[in-house]
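Open your viewer and get ready to select residues by number. Each stop tells you what to pick next and what is there.

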Amino acid sequence: MTKNIKLSMPDGCDNAPRKQILKDFNLAFVTNDEAILEENMSDKITWEIIGEATIEGKKAILIRTAEYHKGKITELILHDFITHGRVASVHGKVIGTEVNYDFCYVYNFTGASKTAKIKGITSYIIPK
């Protein structure tokens, strides 16, 4: 599913477990890889898309993710990762045949451990 997407990110971003999780999650997000998405989300996750909607629960998020990425995604650029305790952020760009946007996702985890699940996502999305 991910082999046809060009992935760009800063060197050394996969040396920390939380950054690796965020890389995998963002790649799963644009490829609609439900297994990876579900594995990393808590059961009571909330996704707030600023200026658009708030989605609650895994199933609703999976449905919305599929809607968000209609057409072929050709490139995912991850510019920055910031992690601290239970909070993390990823800033980047999605390029596709039908969608192009810059984004900043702020993630809240159930805990600070590397096995903690994502319990909240706040998305700032700027279409191109």
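**Stop 1: a loop residue**

Select Asn 32, found in the loop between α1 and α2 (34–40). Helices (H or I, at least four residues) and strands (E, at least two) are DSSP runs, numbered from the N terminus. The phi of Asn 32 is near 60°, a positive value in a residue other than glycine. Buried means under 20% relative accessible area, exposed over 50%, and partly exposed in between (1.4 Å probe, protein chains only).

A word on the model. It is predicted, so local features need pLDDT of at least 70 and side-chain atom pairs count only at pLDDT 80 or more, while totals for chains, interfaces and linings use all residues. Residues are numbered from 1 along each chain as its sequence is written, and side-chain values use heavy atoms, with hydrogens and water left out.

**Stop 2: the rings**

Now show Phe 25 and Tyr 107. Their ring centres are 5.9 Å apart and their planes stand at 90°, so the pair is edge-to-face. Rings of Phe, Tyr and Trp (its six-membered ring) pair if their centres lie within 6.5 Å; planes under 30 degrees apart count as stacked, over 60 as edge-to-face and the rest as tilted. The pair links distant parts of the chain: Phe 25 sits in helix α1 (residues 17–31) and Tyr 107 in strand β6 (residues 100–109), 82 residues apart. Phe 25 counts as buried, at 2% relative accessibility. Tyr 107 counts as buried too, at 2%.

How many aromatic pairs does the structure hold? There are 6. Select Phe 25, Phe 29, Trp 47, Tyr 101, Phe 103, Tyr 105 and Tyr 107 together: ring pairs link them into a cluster.

Next, pick Arg 18. Arg 18 lies over the face of Phe 109, at 3.7 Å from the ring centre. A charge sits over a ring if NZ of Lys or CZ of Arg is within 6 Å of the ring centre and within 35 degrees of the ring normal.

**Stop 3: the core**

**Stop 4: the cavity**

Select Phe 25, Asn 26, Phe 29, Trp 47, Ile 61, Thr 65, Tyr 105, Tyr 107, Ile 121 and Ser 123, which line the largest cavity. On a 1 Å grid over the protein atoms alone, a cavity is a set of points where a 1.4 Å probe fits but cannot get out, and a pocket is an open set with protein on both sides within 12 Å along at least five of seven lines; lining residues have an atom within 4 Å of a point. About 60 Å³ of space lies in this cavity. A volume is the space filled by probe spheres set on the points, which are joined across faces, edges and corners. The largest share of the lining, 3 residues, comes from α1.

**Stop 5: the pocket**

Last, select the lining of the largest pocket, including Ile 49, Glu 52, Tyr 68 and Pro 127. Its volume is about 170 Å³. β7 gives the largest share of the lining, 3 residues.
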